[in-house]
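Dear colleague,

I am passing on the structure below, and after it you will find an account of what turned up when I went through it. Please read the two side by side.

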Amino acid sequence: MNVSILGCGRWASFHAWYAHHIGHKVTVWGRENSTNLKNLIATHKNEYLTLPQDINFTYNLNTALNFADIIIISISSQQLRNLAKQINETNLYQNKTFILCMKGIEVSTGKRLSEVLTEELHGSYNVGVWVGPGHVQDFLQGIPNCMVISANNNEISKKIIQIFSSDLIRFYYSKDLIGTEIGAAAKNVIGIAAGMLDGMHYTSLKGALMARGTHELSNLIKALGGNGMTIYGLSHLGDYEATLFSPYSNNRRFGEDFVQNKPFNKLAEGVSTTEALLKMANEYKIELPICTTINKIIIDHKDPKQELLNLFMRPLKAE
């Protein structure tokens with residue numbers, strides 16, 4: 001099939017490599033001022049991988065949309081609405097399938113990413129999300145993993161799985177789009193907390209962090225109308241190893257560098273997700289102690305050690 005990748009960062013480049021690897025024809029789109037795309041056009045390489053020579057690159061959104069049967073979007077979550085508005089203006093997406101390969105919540109509205117896309121696009125098209133554990137570096141070494149596809153229509157999920165399954169990625173499908181999206185976004189917040197514990201040499205507390213993190217987010221998902229058990233699947237708990245422990249995790253590394261006062265120049269989606277989750281929690285009257293603590297440390301500049309110890313050493317309370 002013809003697959004267009006909208007985006008040209010680390011994960012977008014991997015999805016381009018992977019789609020080509022399993023036999024699809026691929027076009028990669030990036031904005032005109034994108035340094036990432038400029039480098040890919042010049043060398044077919046970034047810091048993680050080399051893309052095959054027969055992958056096409058374009059700055060023209062119409063070209064990418066016209067080419068595609070399947071459209072993968074892999075950009076910063078906070079940029080999705082603006083891109084969706086541009087896509088809508090073309091009207092070149094009718095009867096096509098969009099796959100959101102990104103993890104986040106729109107801060108300004110508290111909307112899940114599938115909601116953002118469907119608010120801006122009109123007519124007939126399909127939308128699914130592709131999330132779960134894995135790192136580009138591991139996949140490129142041939143190390144397999146399991147990931148999850150979710151959509152409002154299970155038949156769409158199954159169709160996407162048929163198109164992208166391989167020996168490298170085994171897909172499962174989730175019937176709970178709300179829980180899948182919230183879980184995938186929220187694990188980045190837990191990843192930041194894990195990095196902070198690492199940076200303060202409190203790594204042994206990550207077990208407690210994992211247990212409490214799943215619990216508080218399960219409550220939020222239930223309040224939103226999703227299945228509270230989804231949080232224990234691949235989109236969230238299943239991604240903890242890749243986010244809470246891996247040296248490759250941007251969110252974990254951000255948290256570690258933050259408490260050690262080191263600069264960090266890569267995207268850590270968990271920062272904006274923390275703010276968005278707290279807005280949701282306030283609206284639905286749900287307590288999110290971990291998110292609240294991370295927000296106090298990053299935004300309010302509270303003492304990391306004191307705040308994290310306060311989090312885990314709270315007064316007597318039943319689990």
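**The first helix and what follows**

Just after α1, Gly23 takes a positive phi of about 105°. The helices and strands named here are DSSP runs, counted from the N terminus, with a helix being H or I over at least four residues and a strand being E over at least two. Please keep in mind that this is a predicted model, in which local features need pLDDT of at least 70 and side-chain atom pairs count only at pLDDT 80 or more, whereas totals for chains, interfaces and linings use all residues. Residues are numbered from 1 along each chain as its sequence is written, and side-chain values rest on heavy atoms, with hydrogens and water left out.

Helix α1 itself has 12 residues and reaches 16 Å from its first C-alpha to its last, close to the 16 Å expected at 1.5 Å a residue, where the expected span is 1.5 Å times one less than the number of residues. Its buried residues are Ala12, Ser13, Phe14, His15, Ala16, Trp17, Tyr18 and Ala19; buried here stands for under 20% relative accessible area, exposed for over 50%, and partly exposed for what lies in between, with a 1.4 Å probe and protein chains only.

Grid points are joined across faces, edges and corners, and a volume is the space filled by probe spheres set on the points.

The largest pocket has a volume of about 1,100 Å³. Its lining is made up of 45 residues, and those nearest the centre are Gly9, Arg10, Trp11, Ser74 and Leu267. Two or more lining residues come from each of α1 (10-21), α2 (35-43), β6 (126-131), α8 (177-199), α10 (240-245) and α11 (250-259), and α1 gives the largest share, five residues. By class, the lining of this pocket divides into 15 nonpolar, 21 polar and nine charged residues, where Ala, Val, Leu, Ile, Met, Phe, Trp, Tyr, Cys and Pro count as nonpolar, Asp, Glu, Lys and Arg as charged, and the others, Gly among them, as polar.

A search of the whole structure finds one cavity of 30 Å³ or more, and about 50 Å³ of space lies in the largest cavity.

Thr230 sits in the loop between α9 (206-224) and α10, and it counts as buried because its relative accessibility is 13%. Its side chain is joined to that of Asp176 by a polar contact of 2.6 Å, a polar contact being a pair of N or O atoms within 3.5 Å of which, within protein, one must be able to donate a hydrogen and the other to accept it, while residues adjacent in sequence count only if both atoms are side-chain atoms.

Thr273 belongs to helix α12 and is buried, with a relative accessible area of 0%. Leaving aside neighbours within four places in sequence, Thr273 is in contact (heavy atoms within 4.5 Å) with Gly104, Ile105, Ala185, Ala186 and Val189.

Thr293 lies in helix α13, a helix of residues 289-298 that is mostly covered, with eight of its 10 residues buried. What covers those buried residues includes α8, α9, α11, α12 (270-284) and α14 (304-312). The side chain of Thr293 reaches the backbone oxygen of Pro289 at 2.9 Å, and, not counting residues up to four places away in sequence, Thr293 touches Glu307, Leu308 and Leu311.

**Two histidines with positive phi**

Most residues other than glycine have a negative phi. His301, in the loop between α13 and α14, has a positive phi near 60°, but at 65% relative accessibility His301 counts as exposed.

With best regards

Methods. 1 Å grid on protein atoms, 1.4 Å probe; cavity = no way out; pocket = protein on both sides within 12 Å on 5 of 7 lines; lining within 4 Å.
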